Amino acid sequence: MCRRLVLVSRLLIAIGALAVSIAVPADALIGNGGFNAGLGPPWGTGLYSEGRPVWWNSQGCRSEVFIDEAVAVEGLAALHIVNPSARAAQVYGTMAQRIAIEPNRPYRVTVWVRGLDVASAGALSVVVDEAWQVRPIALPAGSYAWTRLSGTFSLPVDHADIRILAEDTGEVWLDDLQIIPLDALLY
Ligand SMILES: [Ca+2]
């Protein structure tokens with residue numbers, strides 16, 4: 001009897017360990033967050049993306065994006081954004097991809113960033129909601145080598161539009177953008 005209980009408890013521990021390993025994502029929720037596959041899908045999805053180029057400009061913004069294969073911190077490529085347009089109302093360049101999330105669950109966003117003459121704090125940000133109000137990542141002003149930034153968010157809906165938004169002058173590089181459920185990191 002006692003031996004059987006031990007076996008049952010070992011089995012439950014094994015099942016528990018399996019559940020934890022399933023709960024921790026082997027990869028991020030976001031697709032091609034390392035930009036090694038270029039600018040294709042799933043970039044170019046979510047609100048406002050339909051019928052537009054993957055990276056698109058508003059109100060005459062002259063921002064451009066490139067896949068840079070010389071400076072990546074993860075894989076072979078990083079995203080390089082060049083924006084010569086100063087901050088002004090509705091002047092921005094952007095691209096997004098929609099991911100599925102659990103409503104009100106906390107998520108962590110991490111990304112490697114590099115800056116050259118970034119004009120202002122938040123000249124480039126990562127936005128996650130449809131109203132563009134929730135911005136877990138905002139790049140600092142100035143010039144800096146590869147730096148890892150992180151932030152958290154939760155939304156009351158079942159999806160997030162992970163949006164890269166350029167709103168002021170400067171050059172930035174992004175790599176290895178990841179979205180991970182925060183509680184999965186705590187096991
Ligand atoms: Ca990469």
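**Close-up views of a predicted model**

View 1. N104 sits in the loop between β4 (92-100) and β5. Its phi is positive, at about 65 degrees, although N104 is not a glycine. Most residues other than glycine have a negative phi.

**View 2. N32, a partly exposed loop residue.** N32 has a positive phi of about 55 degrees and is not a glycine. The loop between α1 and β1 holds this residue. Is N32 buried, exposed or partly exposed? N32 counts as partly exposed, because 19 other C-beta atoms lie within 10 Å, whereas a buried residue needs 20 or more.

**View 3. A cis peptide bond at P42.** The bond from P41 to P42 is cis. Its omega is near 10 degrees. Most peptide bonds are trans. P42 belongs to the loop that runs between α1 (2-23) and β1 (56-58).

**View 4. The five-stranded open sheet.** Five strands form an open sheet in the order β2-β3-β10-β5-β8. Their pairing is antiparallel. The edges are β2 (64-68) and β8 (142-153), each of which pairs on one side only. Direction ignored, neighbouring strands of this sheet are turned by 25 degrees against each other on average.

**View 5. β3 and its two partners.** β3 (residues 78-83) is mostly covered, with five of its six residues buried. Five bridges join β3 to β2, and the two run antiparallel. Within this pair, F66 has H80 of β3 as its bridge partner. Five bridges also link β3 with β10, again antiparallel. Here N83 stands opposite G170 of β10.

**View 6. The β5-β10 pair.** How many bridges hold strand β5 and strand β10 together? Nine bridges connect β5 (residues 107-118) and β10 (residues 170-181). The two strands pair in the antiparallel sense. T110 has Q178 of β10 as its bridge partner. In a regular strand, side chains alternate between the two faces of the sheet.

**View 7. The largest nonpolar core.** The largest nonpolar core has 38 residues. Which of them touch the most other members? V172 and L174 do. At least two core residues come from each of β3, β4, β5, β6 (124-127), β9 (159-166) and β10. In soluble globular proteins, nonpolar side chains tend to be buried together.

**View 8. The surroundings of V172.** Residues up to four places away in sequence are not counted in this view. V172 then touches I81, V113, R114, G115, V118, L124 and L139.

**View 9. The whole chain, for orientation.** The protein chain has one helix and 10 strands. Along the sequence they follow the pattern α-β-β-β-β-β-β-β-β-β-β. Of the 187 residues, 30% count as buried. Among contacts with a separation of 6 or more, 78% join residues 24 or more positions apart.

Note on methods: Residues are numbered from 1 along each chain as its sequence is written. This is a predicted model: local features need pLDDT of at least 70, side-chain atom pairs count only at pLDDT 80 or more; totals for chains, interfaces and linings use all residues. Two strands pair if DSSP finds at least two bridges between them. Helices (H or I, at least four residues) and strands (E, at least two) are DSSP runs, numbered from the N terminus. Axes are lines fitted to C-alpha atoms, for helices over the stretch in contact, and angles run from 0 to 180 degrees between N-to-C directions. A residue is buried if 20 or more other C-beta atoms lie within 10 Å of its own, exposed if 12 or fewer, and partly exposed in between; C-beta atoms are placed from the backbone. A nonpolar core is a set of buried Ala, Val, Leu, Ile, Met, Phe, Trp, Tyr and Cys residues joined through C-beta atoms within 7 Å. Two residues are in contact if their C-beta atoms, placed from the backbone, lie within 7 Å.
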